[in-house]
Amino acid sequence: MLESALIAGDNTAESFASLPHVRVDKDSELPRAINLTEGYLVAARGIWSDESLTVYVNQAQQRDALLLEEITVLPQALKLAQLEYILDRAEEALAAGPLPPIEQSPFSAILHSMRRLNQFEWRNVLEPLIAFDSILREDPAAVFARMEDETRHTYHMRVAELAHYADASEVETAQIALNLARNAAVTSDPDPRLALRTRHIGYYLFAEGLPELHRRIGYHPPPIERIRSFLRRFNEDFYILGIFTLSCLLIVAIIAPLVPHHAFWPVMVALLLALLPATQGGVDLINNTVTALMHAESLPKIDLSKGVPDDAITLVVVPTLLLNEIQVRELFDELEARYLSNQDPNIHFGLLTDLPDTKARPLDEDSNPLAQLAADCVDHLNAKYPRTKGGAFFLFHRYRVFNSRQGVWMGWERKRGKLLDLNKFLLNEFDSFPLKAGPLEALHHVRYVITLDSDTQLPRGTAARMVGTMAHPLNQAIVNPRLRIVTQGYGILQPRVGVSVASASRSRLASLYSGETGFDIYTRAVSDVYQDLFGEGIFAGKGIYEVAVLHEVLDRRFPRNALLSHDLIEGSYARAGLVTDIEIIDDYPSHYSAHTRRKHRWVRGDWQIARWLFSDVPDESGKSVPNPINTISRWKIFDNLRRSLVEPVTFLLFLLGWFVLPGGALYWTIAGLVLLLLPVLVQLGFNLGRALLKLSFVGAREGVLTFATSFGFTMLNLTFLPHHMFLAIDAIVRSLSRTLVSGKHMLEWETAAQAESGGKSRTPLDIYLQLSPVAAVLIAVALAFHSLWSLIAAAPVLVLWAIAPLVAIWLNSPPSREEGPLTAEDTHFLQQQALHIWRYFHDFGDEKNHWLIPDNVEEQNTVQIRKLSPTNLGMLFNSSPGRIRVRLPHPSSVRPGHPRNPHHLRPPRKAARPHLQLVRHRNPAPHPAPHRLRSRQRQSFRLALHAAHRCPRSPQASHPQPRDLRRPETNAANTSQDDHHPNASGTSSNRNPISSPVHR
């Protein structure tokens, strides 16, 4: 307890130094926050309470308001002031004579008061103490008080940041923002959404009203804010022109050595070929620059943790195909899991389903067994979960219609058509679902739809947070009536997508390419260049949208049977926002074939929307209309096309460089590798630069490790370069020929489940992979006839191309092999560790400790630190069942004399395995005997004060000694046997794993 106060003082010393100070005497000053808490404790006689603290601070602020930062450090200031109060009273008591027993000590109530400091939830106490919080709560839109805690904290921080560089104080800044919002409420806009937006106080703190607030408060922005304002004002020019300029500079640096020694036109051909691969380096330079200069901001959110209101009813839907009985039951199992994680009476769950394509006319649409099974599953779930705590379950099933362009019977417009039909059904315009199941009356007032893929997990509470984000006035979509696109706010919100641990463990491919896996319980806003710089992100097909808005901006906007990948273009019309502090979990393809099929589908879809780069685009009837999307949305389309061409052009650059380009094969082999590694090198440079600015060795090490990982990915990409080249050319040719010539098969598509199940079937994409070694051999033969030195220079790259099929097989294999039964040595080793862990809980969880377990025990003097955490308690409860599970004897059979190596655990004579030698080469020492523990398990209160270096040590025993912060500690459940050895150096300790200590 005393230790935590000292740690708090050390950690906040720098913060206190920057806060306002007051003069306490002629020669010394004290931070105002600490002076305030010391005065409060004197008035409260050392025993604090949240009610009296609130009254005292509010009275003090009537004369001089505290800064937000001072309110934030009040708990730390109170801890230090409480410690000072205790020490001062202790000195007085020690000067008066011997201390009475602890039961009669005048410090009991004070120590209990200090203990409560470490257990108290401060948020609800500190927020009302903020001087301008009451001003923000007068928000004319009545939104501020209903926002999430984190969002309100963001508003508080913005007011404090503005006031720090302004002529106005924090209170004055908040009041001016409130006055602007009130003025807007008086002159209300005819558009109710825009009126709500402008009368919300956040409009002047974060949105278009911020410049006016700057002018009113006399804001003098620091240099970094001036740079950010400049970037936001000229964001498109900076981003697009910056990429082009940097790409040209990079390619000039690569081509410059050739200019003095070769003719002009061959050098120009080389420059044009290398320009496209060099753009990837330019893009990464600009992206990293933006990330370094701009800071990630999370979108504001309404707090709906206690329930979604009736005006924000939401339907969670999964558009999918019904393939077979097992798959249908799995779909409803996943739907049930999403429901259990997001139970709310106003959040409903459903499936949007079609049957697979068929060339023959289907005759059993009315009685298809899979559709009937799906309807039965819906009825079962609705019967299983009455609508007392959660919403209802639904099925919306469409019949297949004949598509002359595809030549098959299929669901109209696939996934896009399902969502468009659902929007019309929810708005009572048209019913395209002849088969429906579920209580349809619950859908009369659905406002939002959350669309997910069939393999997408919706973690606990995620749906309500997405609805709360969408419902905030600054995020509500404002539709331009002339362009029929969203120009302010967002029509779609895309959460961050993580990768499930289960899918990442299925193969090396998924393990390597999926990155961080699992749900991040500390989900935070992360940087995204488009969201940070332009205020809008990219829709990836999984997110939340407002039904009426999406229907208004997308109805009859695109030609039929022409868009395969519709997410990007729909996000451009509806303006997609990226919610990086909300995460959903998705699966990653488990084998290389599924990965390449998905990439092939994406490239085809990107080239199908290439027409939206131009000024005129087709509508649903095929008539040309003005293109309404903005410049950055067109850039997103262009950037996808550019990336799809990088691999074919890079392959061509290698090929021509080895045969005809000036400079020779070795030069172009090195130049090609440099172009491929440019993004990795750029990332390394920025990571090391950040580490250098922060003087962080850990940051530098992480930067190097990230570089090593990215280098490995680049080598894999180089290995599959011929295959990706064939894949990209195939996708581009198919897309352009179908779009410009035949107009057929433009919706050729397969679900993720079909791609996964089709891993063993051969497709043209798999044949292209087998052509990679053929291409490498043919190029090697040609180079042998052309120039032997060229063959030697190209050999490393050709070898990688030749082994691409073998690398694909390696990627498809599981990341680790399953282990067989444990050997006798491993069993003995684990039993020894289990015995040590069990002995810790048995020896120290005794009657002296009220059968609870101390946080840790120092081996020197066997001082027990009596702190308790829920984790420790759970491990204590499981220690006895664990002993029985691993068949350890009861300690009473091994305690006498504490033998170091009980007979039943005597190790075998067989030599130990190398990776276990470090923990097996010496016998562990047992825990100290109980009589040794009991003789030292209580130390005096004055011994605790002595640890704080404020009073002399006394032999009287009443309280445990605080842990010396300099003493190393180790975890008893995870420590090696050397830590228990009597010859181990230092003052190591037996430490129980802890989390969130709760002092008792």
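Let me open with Leu 293, which counts as partly exposed because its relative accessibility is 23%; buried means under 20% relative accessible area, exposed over 50%, and partly exposed in between, with a 1.4 Å probe and protein chains only. The model is predicted, so local features need pLDDT of at least 70 and side-chain atom pairs count only at pLDDT 80 or more, while totals for chains, interfaces and linings use all residues. Residues are numbered from 1 along each chain as its sequence is written, and side-chain values use heavy atoms, with hydrogens and water left out.

Leu 293 belongs to helix H16 (residues 264–293); helices are DSSP runs of H or I with at least four residues, numbered from the N terminus. Leaving aside neighbours within four places in sequence, Leu 293 is in contact with Ile 224, Ile 227, Arg 228 and Leu 231, where contact means heavy atoms within 4.5 Å. The C-alpha atoms of Leu 293 and Asp 532 are separated by 9.9 Å, although these residues stand 239 apart along the chain.

I turn to the aromatic rings. Rings of Phe, Tyr and Trp (its six-membered ring) pair if their centres lie within 6.5 Å; planes under 30 degrees apart count as stacked, over 60 as edge-to-face and the rest as tilted. By this rule there are 36 aromatic pairs. One of them joins Phe 558 and Tyr 573 edge-to-face, at 4.9 Å centre to centre and with 80° between the planes. Phe 558 lies in the loop between helix H24 (547–554) and helix H25 (567–574), and Tyr 573 lies in helix H25, so the pair ties together parts that are 15 residues apart in sequence. Phe 558 is buried at 2% relative accessibility, and Tyr 573 is buried at 1%.

A single aromatic cluster is formed by Tyr 239, Tyr 530, Phe 534, Trp 635 and Phe 638. Lys 636 lies over the face of Tyr 530, at 5.2 Å from the ring centre; the rule requires NZ of Lys or CZ of Arg within 6 Å of the ring centre and within 35 degrees of the ring normal. Arg 598 lies over the face of Tyr 588, at 5.2 Å from the ring centre.

Finally, the cysteines. How many disulfides are there? The count is 0, a disulfide being a pair of cysteine sulfur atoms within 2.5 Å. Cys 248 is partly exposed, with a relative accessible area of 25%, whereas Cys 377 is buried at 12%.

Conventions: Helix = DSSP H or I, 4+ residues; strand = E, 2+ residues; numbered from the N terminus.
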